[in-house]
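Trainee: I would like to learn how to read a structure like this one, feature by feature. Could we go through it together?

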Amino acid sequence: MTIRTARNLRRASQVTFFFIFIWLVLKTTFDVDFNPAEVSEIQLPYPVSIALEFDPLTALMTLLASGSLYKGLLWSLVILVPTIFMGRFFCGWICPFGTLNHWMSAFKSERKERKGKRLLDSNRYKPYQRIKYYIFFFVTGAALLGSLQAGLLDPLPLLARSIGTAVLPTLHTGALAMTAAARNTGITPIAAVAGGIYDVLDVAVLPYRQAHFHGVLLIGVLFASILLLNRVFTRFWCRGICPLGAMLGVFSRFAIFGLQKDEEACGGCNKCLLNCQGGDNPIVGSKWRQSECHLCLNCEASCPDGALHFRFFPQQEDTRENPAGTAEVDVTRRKVVGSLAAGVVAVPLFRSGDAFEVKRSAFLIRPPGSLPENNFLERCIRCGQCMRVCPNNALHPTILESGFEGLWTPYMIPKIGYCEPTCTLCGQVCPTGAIQELSFEEKVGDDDTPPMRMGTAFFDRGRCLPWAMATPCIVCEEWCPVSPKAIYLREETAIDIDGNEVRVQRPRVDPALCTGCGACEYACPVFDKKAVYVTSVGESRSETNQLLLERAT
Amino acid sequence: MERRDFLKKTGPAVALAAVSGTTGLTFHNREPTARRTVLSKTASFEVPPDSNFPILTSARNEDPAAALNAALEGIGGIGRFVKTGERVVVKPNVGWDRSPAQGANTNPALVSEMVRLCFGAGAAQVTVSDVSCNDPRRSFLRSGVREAAESAGAEVKLPAEEDYGEIDLGGSVLREWEVLRHFVEADRFINMPVIKHHNLTLCTIGMKNLYGILGGRRNRLHQEIEQSIVDLAAFTRPTLTVVDGTRVLFRSGPQGGSLDDVRIENTVLCSTDQVAADARGAEFLGLDPDRVGHIVLADRAGVGTLDYQAAGYKEII
């Protein structure tokens, strides 16, 4: 096989894995067929989170933080073990975010910084490429104390989260707006073409109901910034920030596959450096860095003199003109310890002040089956898969509801969507077990087990129509899905504006029956600030966040 | 400066100014354009009264399809209601993500049989739809209605944003409101409610089931629930009301959730008079129809007759 064929294979691999990843994110939605006569639980037809389970950083960090490797995360060894021998092939061949950054870097620029000598210089190994190691050791330190911060910058969760919660909803809104604008022109051909395009999109990718997420601007801006940085520095993210790349760099320490340079053959054309993705100095005369190389093969394929060769057990002799390659990571022991220590210190800092359990927002309603908060934060990688799969658009990324530490972890906003009592999809797609997979019986409860509770509903009697305005309503009671209903009614006499006595049914909550699903809050007609609302107290996952001395099952 | 030069230099600026000015004047002070879809009812769904038949029939049978057929025969058979080439919309209650046994939705066996009967009578198209309360995809799946309707050849239409339009319902509470297109753009409308308890209206049967043709924020309608039900019934006037009394949700309505809330009655009612159907149905919940607000109000408004015995009622054993 020639090196050009190998490079084309790499390109095909990148395209394939990129589209598989996007397809999996698209399929993380309520797109199922199910026959209630056969199964009680709705199951997704595809293992939509499988791509995330191949992520070695997610695996290592959840292992360090929680002490266990959840279900499919064992797949990560499929990436990690070959890396130990080969180096960071994942970054160059598989990583869908790496591919996106590759493409963003690749297309032509008119700026002179992106050409010739300036580009050549920017492709040499730079000190900023150490930052990713500091980040990696920082999140490792935090994980050691049970706070999983890696997910914020781990490329696979980051891409799933950005595409799922920011990009796709934006595209959907854009498609709708443009179709509407085209129709409103009143010009038939334009309207027809726009309608046709929309119909194709509708069938091909658009979901039945597009979810929209709370506060995704930050997620979108971060994503766009990372992509745009490629226009200044080739693969800035992969070279400088990515903690997964750093981890794979560290694990390449003993790789037996690498670059061999032939000083004699080199004609000094610089093409290897011009096409370098990793910033790893493939050029003769500089020290090649195993831990930075993505194995994209561009250097070897573009070398006209046959001076560069990737091979097992490369001969890397150190001469004055051509320093040997190295598999060492360019970070001093002191910096490693410092980064780890910073991560370790960050966790108590996050959690200092009020007691950990007290500091959380009362509206931090975690998905059903979520682990207790401290265990939840050991595992959640903020990939947003639960948010995407929720058929009711109930789950959203937090901003500060669970503190700085829990940025972008999922919580329910019942005003936007409630938790469907019979649904267990969020637990099915969670790749790390932060949300445990529930059976139908565990979710709704049966004679022996109580239902899964997320919180408790409370009435705001100053806003509730029968309580404050002598007006009949009880939509909340109609929607309460438990039987017997957790919202009960008492017919009472209210006085209306004319002083007449009116009989109205006034709703109340029985906290022993309420599961905190939020259906009442969702359905309440007092639209802007609901007259019934759910807070997290009473949630099954917490022993302390309770209100009743004894709770009926 | 030459005149020619002057014109050349000022020409583009003048042209741009002219376009700007014309645009401004053209769009100045226009009424905000209504960009809403406005729908209208394409046909009167009702069939003319026929003194050969009772207005309400009831049949009992453990087989829901057999009960439906018996009740339908008694009131004139499907041929009286659906003619060759007509577009029929069937409106079961698929409000909730509940299984058939829980009694919160219309029995799927009745829906599939009804669809089959319509096609048997020559219907060109049978559509089954409902604006569910819970997620429609889940509700149509778990209720078994999607499977039942599709296997019988009907087209199941889940409510989609682009299928809503505004309509003047002409009621005293319900005037301009969003309605799902499928329920007004048809020749025949078959209402297929299930008998359920409801704390505000005491019961939800046929007329209340029509809430499911509405979009918009219908949770506000509870404030004038009786009048809005009557308005909606007076607007819709279905061809036929087929009441599912196979399972009756006698408490914790309209969602139920426990099998203990359900009583098996194995009954199907067919009626050309929605008030009569509701009055008979209410009795399954132990209610006196004379004391059910919206039924009484509908009777007074002339939507139908509460006293079904006098108007013509037949029980088929």
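This is a predicted model: local features need pLDDT of at least 70, side-chain atom pairs count only at pLDDT 80 or more; totals for chains, interfaces and linings use all residues.

Trainee: Where is Arg453(A) found?

Mentor: Arg453(A) lies in the loop between helix H21 (440-444) and strand E5 (456-459) of chain A. Leaving aside residues up to four places away in sequence, Arg453(A) touches Thr515(A), Gly516(A), Gly538(A), Glu539(A) and Ser540(A).

Trainee: Is Lys335(A) exposed, partly exposed or buried?

Mentor: Count the neighbours again. Lys335(A) has 14 other C-beta atoms within 10 Å, so Lys335(A) is partly exposed. Lys335(A) sits in helix H16 (residues 333-351) of chain A.

Trainee: What else describes chain A overall?

Mentor: Chain A has 24 helices and 8 strands. Its C-alpha trace spans about 100 × 65 × 45 Å along the principal axes. Of the 553 residues in chain A, 48% are buried.

Trainee: Into which domains is chain A divided?

Mentor: The division gives domain 1 (1-26 + 85-155 + 212-352), domain 2 (159-211) and domain 3 (357-535). The C-alpha centres of domain 1 and domain 2 of chain A lie 35 Å apart. Their contact takes 13 residues from domain 1 of chain A and 13 residues from domain 2 of chain A.

Trainee: Which elements give two or more residues to the domain 1 side of that contact?

Mentor: They are helix H1 (3-27), helix H6 (96-106) and helix H11 (217-229) of chain A. H1(A) gives the most, with 4 residues. By residue class, this side of domain 1 has 11 nonpolar, 2 polar and no charged residues.

Trainee: And how many residues meet between chain A and chain B?

Mentor: There, 28 residues of chain A are in contact with 28 residues of chain B. On the chain A side, helix H23 (residues 475-479) gives the most, with 4 residues. The residues on that side divide into 17 nonpolar, 7 polar and 4 charged.

Trainee: Let's move to strands. Why is strand E2 (residues 87-92) of chain B described as largely enclosed?

Mentor: Because 5 of the 6 residues of E2(B) are buried, the strand is largely enclosed by the rest of the structure. Next, look at its partners. E2(B) pairs with strand E3 (residues 125-129) of chain B in the parallel sense over 4 bridges, and Val90(B) stands opposite Val128(B) in E3(B). E2(B) also runs parallel to strand E7 (residues 188-192) of chain B, joined by 5 bridges. In E7(B), Met192(B) is the bridge partner of Pro92(B).

Trainee: What do E2(B) and E3(B) make with helix H3 (residues 108-120) of chain B?

Mentor: Together they make a right-handed β-α-β unit.

Trainee: How do I read a nonpolar core?

Mentor: Start from the general idea: in soluble globular proteins, nonpolar side chains tend to be buried together. In this model, the largest nonpolar core has 218 residues, and Val90(B) and Met114(B) touch the most other members. Helix H8 (residues 131-144) of chain A gives the most to this core, with 8 residues. Not counting residues up to four places away in sequence, Met114(B) touches Leu68(B), Val90(B), Ile190(B), Met192(B) and Val242(B).

Trainee: Leu68(B) is one of the buried residues of helix H2 (residues 64-74) of chain B. Which others are buried there?

Mentor: Pro64(B), Ala67(B), Asn69(B), Ala71(B) and Leu72(B) are the others. The cover over the buried residues of H2(B) includes strand E1 (56-60), H3, strand E10 (240-249), strand E11 (262-271) and strand E12 (313-316) of chain B. Just after H2(B), Gly76(B) takes a positive phi of about 125°.

Terms used. Residues are numbered from 1 along each chain as its sequence is written. Chains are lettered from A and ligands numbered from 1 in the order in which they are written. A residue is buried if 20 or more other C-beta atoms lie within 10 Å of its own, exposed if 12 or fewer, and partly exposed in between; C-beta atoms are placed from the backbone. Two strands pair if DSSP finds at least two bridges between them. A crossover is right-handed if, with the strands pointing away from the viewer, the path from the first strand over the helix to the second runs clockwise. A nonpolar core is a set of buried Ala, Val, Leu, Ile, Met, Phe, Trp, Tyr and Cys residues joined through C-beta atoms within 7 Å. Two residues are in contact if their C-beta atoms, placed from the backbone, lie within 7 Å. Ala, Val, Leu, Ile, Met, Phe, Trp, Tyr, Cys and Pro count as nonpolar, Asp, Glu, Lys and Arg as charged, and the others, Gly among them, as polar. Domain bounds come from an automatic or database domain assignment.
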